[in-house]
Amino acid sequence: MQRGICILSTNIAVDARNVGKIYGNGAGAVTALGDVSIAIEKGEFFTLLGPSGCGKTTLLRCIAGFETPTTGTIHLSGRDITYDPPYQRPVNTVFQSYALFPHLSVAQNVGFGLKMQGTPASDVAKAVERVLALVKLEAFADRLPQQLSGGQQQRVALARALAPEPEVLLLDEPLSALDLKLRKEMQSELKRLQTETGITFIFVTHDQEEALTMSNRIGVMSAGALLQVGTPHDIYESPVNRFVADFIGETNFLEGEVEGGQVRIGTGDLLAVDLNGETGGVTLAIRPEQVSVKAADAQLSGKITEATYLGTDTHYTIGLGDGSHLVARVQSNSVAAFGVGDTVGIAIDAKAVQVLKS
Amino acid sequence: MAKRRAFDVTTLPGFTTIAILAFVLLYAPIVTLVIYSFNGGNSVNQWGGFSLQWYAIAAQNEAVQDATARSLIIAVWASVISTTVATMAALGTTRRGKFKGQTIIYVIINQPLMVPEIVTAVSLLIFFSSVKVATGYSGLGYLILAHSAFCIPFAYLPIKARLEGMDTTMETAAADLYATPWQSFRYVTLPLLLPGVIAGAMLAFIISLDNVIITEFVKSAGQDTLPTYMLGQLRRALTPEVNAISTALLGLTVLILTLFVFVTKKWD
Amino acid sequence: MSRQTPGRSKGLNGWLLSTPALILLLLAASGPLLIVAVYSVLEKGDYSGVRWILSGEGWFRVLFEKDIFDHTISLADANLSIFWRSFKLSIATTVITFAFGLPTAWFIATRPAKSRAFWLFLITIPFWTNLLIRTFAIMEVIRNQGILNTFLMHFGLISEPIQILYTDTAVLMGMTYVYLPLMVLPLYAAIDRFDFRLIEAGYDLYASRWQVLRGVILPIIKPGIIAGCILVFIPSLGAYVTPRVLGGGKNMMIGNFIELQFGQGQNWPLGAALSTVLLLVVLVSLLVYTRASSRDNPNG
């Protein structure tokens, strides 16, 4: 992940180099961010994904200027902004709590950034009108934030951050306070706004589904480190380690040993998978939808210990001979339903299996 | 009436009766005072019908007029000064984490609340009498200074409470939207803090207007405020005129308190 | 919480912003207290004020007196009786206000949310009303031709007005009356935070109402009780206006005794020494309070 100092292309919006953040000092020091380097391209919808406390928000706050990194530098369009105060950075944030000014109307909230920059009042008014139209809130310009619903407040927060036309828009879990239906709506709304404005979006979330549906690229973080950066497809199909595989979607893990170009798993069976150059002890990551269940004998066999009907799909938990389990997701109408206790054959799509170092 | 009461965990035997009695006892004397201020008779001992005569007499009394003007001048100055410095102190001591000496600042600010007023009054008498001799100045400045200092904790507490209830993300958001620290204070912190500042100023005003002991000790000859004038009147008998002044002051206090409740409610 | 401000500058800003308030307070509140301590060890001036000569006379006269003829030293009975009266009346005021204050605070805290603000407001009005006015009000009630005596005589309970005004009883009634809100407010604050499910738990575990009060409620609201008692005891001990108006000059308390030294008595060192004593008693009470509340409430 280490990057060279020299960035040739001019299409990098945010370039964080070896950024680290340590709170406190001495024995009580807490490392919030290890040595993180990342380059986010202009016009990209980039998502920082990870569980809470993984450092994603700290990284975002370093980019916004609310925190100063302990080590490393942050460049914005080639300019070093590491020590610039937040009000000198052409970067705006949509806060998790929205942080709308309760004493200002919607229009005044949206125009706040431009007013602070000294934009003439008439231009501010025009910009506010334009941005409010963008988020479809023209009718609410004179309301106070507390007179709006959660979803509307969210849009105001978005409009306020977009109005000064920042180079980069930072979104700190902005959808977490919304209910499921509204969240889905806002996801496509955000995607639309990003495409329309062409502004670089850096989106922070712990919701893997949200990350997969919205992003051009995703950076998966854990314990202050960046584990993997890639397209949603890359991250889902080729996770670099067990953490990423486990965090993104459901995954079965089987421990095994490379033996003559194949992997011998705990049951003693050999599986022919793409080894990807791995040797010795390995972990096989298998998505539930890549496991199929048959009445007849197959590669493996096992006994169903749990069957959960989920509408279109049915989840079977199948006990293997060595005590390990596999979860299979099967379309409910594709095969005859099995019951708990049934002995079944299991087939695994070998090409889809990821081989990870144990 | 015969309805059986359900078991209520919040009820304790006799508590409601004592509480009602307490409210009655609290208000009966005040109501008596107010009623007697409208007494048409010439003495406090006999009811002579409803009349505003004592208000008219009080209003025409030059000593009362002077004392009222003096009370208001002092209260306005004291509330403005104490609220200003208390706002600054609240901004300095709140929302920035612990720092060295914070406790000392708290103790000094709240000191007038803890020290018996008579002790403060005596100490000011000693101090200011020397200063008066040294400078030759014996104007209202001493009273304004003493009242300002005494009112600081009363102004400080609501402002501090308001600040503590304010989210620091407001200022973070302002900084994110290109507001310099000064702009952030001017356009975000101050407007949000305003209800607390107004509340603090109102309390300081009431406290200054009501002060007796410190005023009694610090004032020079001929510097009576309304309360010290009333205390002086008491050397003779209780007069309906004093009742009228008391009722007027009481009315002002209730008015300011109602505004205070209104101001603090409206913004939340 | 923003961590952007480095530790040193935030302390500096804290001090800088507090400076105007601190200067005012040091000039016209805290600073002069030190002068009082100094004056207490100086020699009494001829007419008023002090002479700048070190002397223990002020402190000596707090408790003792010297016979002007034979110079024998004896305890100053007059002073002692004033101290005793102040202490006795302050304790009595604290106890009585608590007896009324606890049920009142409980009553307010258990009202429905809507009417609670109203009852609280009813307590706040006397709290912020001029002490002098409230003292006048109680005077109206207890004077010989006041409503209390009129009422009692009307119903034939007494034939002559009872002399209440200008007695210790009058001072006690007055102080109880003016300081009751000071007891109710902290008690209310404590009860308001009280989790009423604990009472349900108490009853569920077979406690009687009295046992619930003693075993559950009082221990939990103890910090509020201590705060209320201190808030009533301290101003009672230093009371000046109420004993002056209702005690009528004869039934002095420490506050009036101090005033006397700066007025007719013209003994500033003694007055300063008495003030210092009062200050120390208050300081000790506050220390006891801080200790007690920090022990009961490790988080607060």
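This briefing covers strands, helices, salt bridges and a surface patch in a predicted model. Chain B has 11 helices and zero strands.

**Strand β17 of chain A and its neighbours**

- On one pairing, strand β16 (residues 300-310) of chain A runs antiparallel to β17(A) over seven bridges.
- Within that pairing, E306(A) has T317(A) as its bridge partner.
- Two residues separate β16(A) and β17(A) in a hairpin, and G311(A) in the turn has a positive phi of about 90°.
- β17(A) also pairs with strand β18 (residues 325-331) of chain A, again in the antiparallel sense and over seven bridges.
- The hairpin formed by β17(A) and β18(A) has five residues between the strands, with G323(A) in the turn showing a positive phi of about 95°.

**H315(A)**

- H315(A) lies in strand β17 of chain A and stands opposite R329(A) in β18(A).
- The relative accessibility of H315(A) is 13%, below the 20% cut-off, so H315(A) counts as buried.
- Leaving aside residues up to four places away in sequence, H315(A) touches E250(A), E306(A), A307(A), T308(A), L310(A), V327(A), A328(A) and R329(A).

**Other strands of chain A**

- G256(A) has I265(A) in β12(A) as its bridge partner.
- Strand β6 (residues 91-94) of chain A runs parallel to strand β7 (residues 168-172) of chain A, and four bridges join them.
- V91(A) in this pairing stands opposite V168(A) in β7(A).
- From β6(A), V91(A) and T93(A) point one way while N92(A) and V94(A) point the other way, and all are buried.

**Salt bridges**

- Over all chains, the count comes to 27 salt bridges.
- E173(A) and K56(A) meet through their side chains in a salt bridge of 3.4 Å, N to O.
- This pair links distant parts of the chain, 117 residues apart: E173(A) is in the loop between β7 and α5 (180-197) of chain A, and K56(A) is in helix α1 (residues 56-64) of chain A.
- E173(A) and K56(A) are both buried.
- R192(A) and E196(A) form a salt bridge in which the closest N and O atoms are 2.9 Å apart.
- Both R192(A) and E196(A) lie in helix α5 of chain A, four residues apart, or about one turn of the helix.
- An α-helix has 3.6 residues a turn, so residues three or four places apart point the same way.
- R192(A) is partly exposed at 25% relative accessibility, and E196(A) is partly exposed with a relative accessible area of 49%.
- D195(C) is partly exposed, with a relative accessible area of 31%, whereas R197(C) counts as exposed at 58% relative accessibility.

**Chain B**

- Along the sequence, chain B follows the pattern α-α-α-α-α-α-α-α-α-α-α.
- The radius of gyration of chain B is 23 Å, well over the 18 Å that the globule rule gives for 268 residues, so chain B is more spread out than a compact globule.
- Its C-alpha atoms fill a box of roughly 75 × 70 × 30 Å, taken along the principal axes.
- Of the 268 residues in chain B, 56% are buried.
- A nonpolar surface patch of about 530 Å² is made by V31(B), I35(B), W47(B), F50(B) and L52(B).
- W47(B) sits in the loop between α1 (15-37) and α2 (53-60) of chain B, and at 46% relative accessibility W47(B) counts as partly exposed.

Terms used:
Residues numbered from 1 in each chain as written. Chains lettered and ligands numbered in written order. Predicted model: local features only at pLDDT ≥ 70, side-chain atom pairs only at ≥ 80, totals over all residues. Heavy atoms only, no water. Pairing = 2+ DSSP bridges. Patch = residues over 30% accessible without salt bridge, like charges linked within 9 Å, V, L, I, M, F, W, Y side chains within 5 Å. Areas by Shrake-Rupley, 256 points an atom, 1.4 Å probe, with all protein chains shown as cover. Salt bridge = Lys/Arg side-chain N within 4 Å of Asp/Glu carboxyl O. Buried < 20%, exposed > 50% of the residue type's maximum accessible area, 1.4 Å probe, protein only. Rg over C-alpha atoms; globule rule 2.2 N^0.38 Å. Contact = heavy atoms within 4.5 Å.
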